[in-house]
Each structure stands twice: as structure tokens, then as C-alpha cells.
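User: I'd like to learn how to read a protein model on screen. Can you walk me through it one feature at a time?

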Amino acid sequence: MASRNGHRIGDKPVRVAVVGLGYWGPNLVRNLFELPEAEVTVACDLDQEALAKVGRRYPAVRLTTRYPDVLDDPDVEAVAIATPVSTHYELACAALRAGKHVFVEKPLAGSSAEAEDLLVRADARGLTLMPGHTFLYSPPVNIVRELIVSGELGDIYFISTSRVNLGLHQPDVSVVWDLGPHDFSILRYWLNQMPVALSALSRSCIFPGTPDVTFINLQFPSGTIVHVELAWLAPSKLRRTAVVGSRKMVVYDDTSNEPVRIFDSGVSLPDPETFGEYKLTYRTGDIVSPRIDAAEPLTLEMRDFCAAIRGGAVPRSSAALGLDVVRVIEAAALSIHCDGRPVSVGAADVEREARRRDPGRRMAAVEGTGSR
Ligand SMILES: NC(=O)c1ccc[n+]([C@@H]2O[C@H](COP(=O)([O-])OP(=O)(O)OC[C@H]3O[C@@H](n4cnc5c(N)ncnc54)[C@H](O)[C@@H]3O)[C@@H](O)[C@H]2O)c1
């Protein structure tokens with residue numbers, strides 16, 4: 001019999017090793033530790049101090065600086081990787097080769113070629129591969145998705161989103177690779193389609209060659225257009241998305257204690273009363289702020305990972321979605337490299353192939369952008 005979360009009664013907890021205990025990794029340890037569906041058996045980091053911190057808090061967890069020890073440990077069924085992006089592919093690939101299920105923090109890999117390779121390997125071995133797109137488990141994000149999917153908002157005309165704050169500057173990864181995965185995964189989840197094309201402008205204000213502000217415009221096959229603003233340089237923290245539909249509009253503000261506000265507002269263009277005389281009708285109705293579950297997205301995400309391993313279902317944050325996100329990031333990086341030229345999503349692949357055939361060609365440097 002399946003329980004509410006997909007984990008069957010009687011299933012043993014999934015024995016997980018967490019790799020990378022910097023800023024984010026300890027959150028994975030805490031959530032997994034508190035889940036009945038999981039058991040944190042090992043924690044791994046190259047940094048002794050990071051290990052010691054986790055060790056003081058969770059004395060039963062074995063600690064190691066050696067990743068090969070994690071892979072050789074028959075008591076480890078799955079690894080959860082929270083290391084810098086440039087290491088994702090190598091660590092995830094080694095874990096799959098060792099027969100472990102893999103959760104890897106966003107973005108799935110530093111290039112779409114690497115991400116695709118991970119998908120193929122996981123598939124071939126029947127292992128779960130899940131990227132950490134935490135926002136797909138956020139209750140407000142899911143409320144907005146329901147409003148879109150149910151048709152309550154009508155046709156989605158456009159979406160405008162700002163994810164900006166002061167810091168944290170990453171010296172070796174652009175803001176597109178760092179913050180972009182959040183918005184690109186949410187858009188993919190809400191609209192259930194990939195953009196056909198995008199253009200992106202950026203500036204490297206602090207570290208030369210590392211974009212810390214970017215404005216990205218995306219076009220979707222449905223006609224929806226989207227503007228995404230990402231920055232580590234901003235006077236205040238904004239996590240605000242406006243979704244404008246033909247029937248209603250929504251503001252999702254992740255920093256507010258009313259994170260979703262639904263506006264029964266719009267404009268219509270009735271048939272003209274006399275020839276050629278158009279009169280717009282603006283409607284400003286009620287504003288509703290639905291009750292939101294207090295669940296922590298990371299708990300739900302880790303639970304989905306364990307359920308996927310035990311039940312074999314595809315997690316909501318699927319590897320295929322993770323690959324799509326990397327494709328959008330690559331397209332944005334290519335457009336930035338070409339001074340904002342519109343590119344079709346997937347064009348980075350085309351560009352890479354062109355370089356392979358003609359190594360002298362000036363390359364749109366998309367592969368290296370994901371490295372940190
Ligand atoms: N889902 C989210 O909301 C969210 C939020 C923040 C960060 N992240 C992601 O988490 C990942 C880590 O980010 P961070 O900010 O914690 O980075 P960080 O630099 O603070 O921590 C990375 C840690 O990994 C360790 N490490 C590096 N290589 C290693 C290896 N080969 N073996 C073992 N340990 C190794 C480092 O010593 C460091 O302690 C990134 O992919 C980032 O995108 C996700």
C-alpha cells in the first residue's frame with residue numbers, strides 16, 4: 001500500500017551520503033536527517049572545518065574528506081551533491097558508475113552535453129537522477145501553477161520576474177548559472193513548454209568577465225513573453241513575479257507574508273458600437289490572497305527524491321527538466337556572448353557542433369560559463 005508521499009509502508013529509509021557541506025549542503029543534511037524516509041549515513045567535504053561543523057551537530061553521521069570512500073561504501077544507496085557547479089558532472093557521473101542514485105543541486109551540470117550524458121547513464125542503470133530545483137516544491141509556486149494550468153488566469157500574455165539582491169558574488173560562475181536555474185525551472189514547470197528563443201544582455205560590474213546583472217527576454221510557443229531580471233547588485237532583495245493573463249493577474253512575491261495575490265483585473269476590447277469606435281473596458285475587481293501551506297520546499301524535495309528511489313516514479317524535479325534548464329542557461333550565455341543577439345534555445349548545441357567542425361571559429365563561449 002502506498003503512503004501519502006509515495007513511500008510504501010515497510011520501505012526501509014534510503015541511506016544517503018551528502019557531499020559538499022558549504023553554504024547549502026547542511027540544509028540537505030538537516031532535511032534528510034529529519035525525514036523518516038531517509039537516513040544520512042555519510043557526510044563528505046574536502047574541507048575539514050565544514051565536516052567538523054556537521055559532525056558536532058550529527059555525531060552518528062560518518063565523516064570523510066574522500067569521495068571515493070563514499071562510492072565504495074555499500075551502506076550508501078544514494079548521494080546528494082551540493083558542491084560547486086563545475087564539479088557536478090564529474091561527481092554525479094562517478095556516483096552513477098558506482099550504482100548510486102543521485103540528487104545533484106541546481107544546475108544539473110555545467111553544460112547540456114554533460115547533463116545529457118548523465119541522463120543516459122542514469123537511464124541505462126535504472127537509477128534515479130534528480131536535479132535540485134527546490135522552487136518546484138514551493139507551495140506558492142504550486143498555487144500559481146494551479147492558477148495557470150486550470151485556466152483561471154486565461155491566456156498567459158506575459159510574465160515579468162525580478163530575482164535581485166546585494167550579493168553573493170560568485171567569482172567563477174555568472175549570475176545566469178547561479179540564479180537563472182530558479183526562474184527557468186519555474187517557467188518550465190508553470191508553462192510546460194520550452195522557450196523558442198531568447199535574448200540576453202548583461203554586464204560584469206565587479207569581476208571582469210563574470211556577469212553579475214542580466215536582463216533576459218524569452219518567447220514561448222504559446223505566444224507568452226517573459227522578462228527575467230537577475231542581479232547580485234541591487235539596493236534591496238526582490239523575489240517578485242507578475243503573471244498577466246487575459247482573465248486575471250497574479251503577483252508572486254517570495255519575500256512577502258502574502259506571497260500570492262490574485263487580482264481579478266483585466267482589460268477587454270468589446271465590439272465597437274459604431275464603425276471603428278473602440279472603447280476599452282478596464283476591470284479592477286477583488287484581490288485575493290490564498291492561504292499557503294507552511295511546508296519547507298526542501299523537505300518536500302528530499303521526500304520526492306526518496307519516493308522516486310523506492311517507488312521508481314519520476315520526481316517532479318526530473319532530470320529531463322534539469323536538462324531543459326541547462327539548455328536555456330546555455331542559450332542565455334550564448335546571447336550574452338553575442339551582445340544580446342536573439343538565439344534559439346538549443347543554438348548553443350549548434351554553435352558547439354560548428355566549432356567542433358571548425359576549431360578556428362570564434363566560439364560563443366558557453367561551456368566554460370558554468371564552471372565555478
Ligand atoms: N537549491 C537552492 O536553492 C540552492 C541554494 C544555494 C546553492 N545551491 C547550489 O548548491 C551547490 C553548492 O553551493 P554552495 O553555495 O553551498 O557552495 P559552497 O562553495 O558554499 O560549498 C561547496 C562545498 O563543496 C565542497 N566541495 C567542493 N568540491 C568537493 C568535492 N570534490 N568533494 C567533496 N566536497 C567538495 C567545498 O569544500 C565546499 O564546502 C551549487 O550547485 C548551488 O547552485 C542551491
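**Reading the model, feature by feature**

Analyst: Let's begin with the ligand. Helix α4, residues 85-97, contributes three residues to the shell around the ligand, the most of any element. Keep in mind that this is a predicted model.

User: How many residues surround the ligand, and which are the closest?

Analyst: The shell has 23 residues, and Gly20, Gly22, Tyr23, Trp24 and Glu105 are the closest. Sorted by class, the shell around the ligand holds twelve nonpolar, seven polar and four charged residues.

User: Now let's zoom out. What does the secondary structure of the protein come to?

Analyst: You'll find eleven helices and 15 strands. The protein is as compact as a globular protein of its length, because its radius of gyration, 22 Å, is close to the 21 Å that the globule rule gives for 372 residues. The C-alpha trace spans about 80 × 60 × 40 Å along its principal axes. As for burial, 45% of the 372 residues count as buried.

User: Which domains is the protein divided into?

Analyst: Domain 1 covers 14-134 and domain 2 covers 135-372. Their centres, taken over C-alpha atoms, are 26 Å apart. In the contact, 32 residues come from domain 1 and 35 residues from domain 2.

User: Which elements give two or more residues to the side of domain 1 that touches domain 2?

Analyst: Those are α1 (25-34), α4, β5 (101-105), α5 (112-125) and β6 (129-132). Of these, α5 gives the most, with six residues. By class, that side of domain 1 has 18 nonpolar, eleven polar and three charged residues.

User: Is α8 mostly covered or exposed?

Analyst: Mostly covered: twelve of its twelve residues are buried. Among them are His182, Asp183, Arg188 and Trp190.

User: What do the buried residues of α8 pack against?

Analyst: Their partners are α6 (139-149), β7 (156-164), α7 (175-178), β10 (225-231) and α10 (319-337). Look just past the end of α8, too: asparagine 192 takes a positive phi of about 55° there.

Methods. Residues numbered from 1 in each chain as written. Predicted model: local features only at pLDDT ≥ 70, side-chain atom pairs only at ≥ 80, totals over all residues. Helix = DSSP H or I, 4+ residues; strand = E, 2+ residues; numbered from the N terminus. Rg over C-alpha atoms; globule rule 2.2 N^0.38 Å. Buried ≥ 20, exposed ≤ 12 C-beta atoms within 10 Å, placed from the backbone. Near = placed C-beta within 6 Å. Nonpolar A, V, L, I, M, F, W, Y, C, P; charged D, E, K, R; others polar. Domains from an automatic or database assignment. Contact = placed C-beta atoms within 7 Å.
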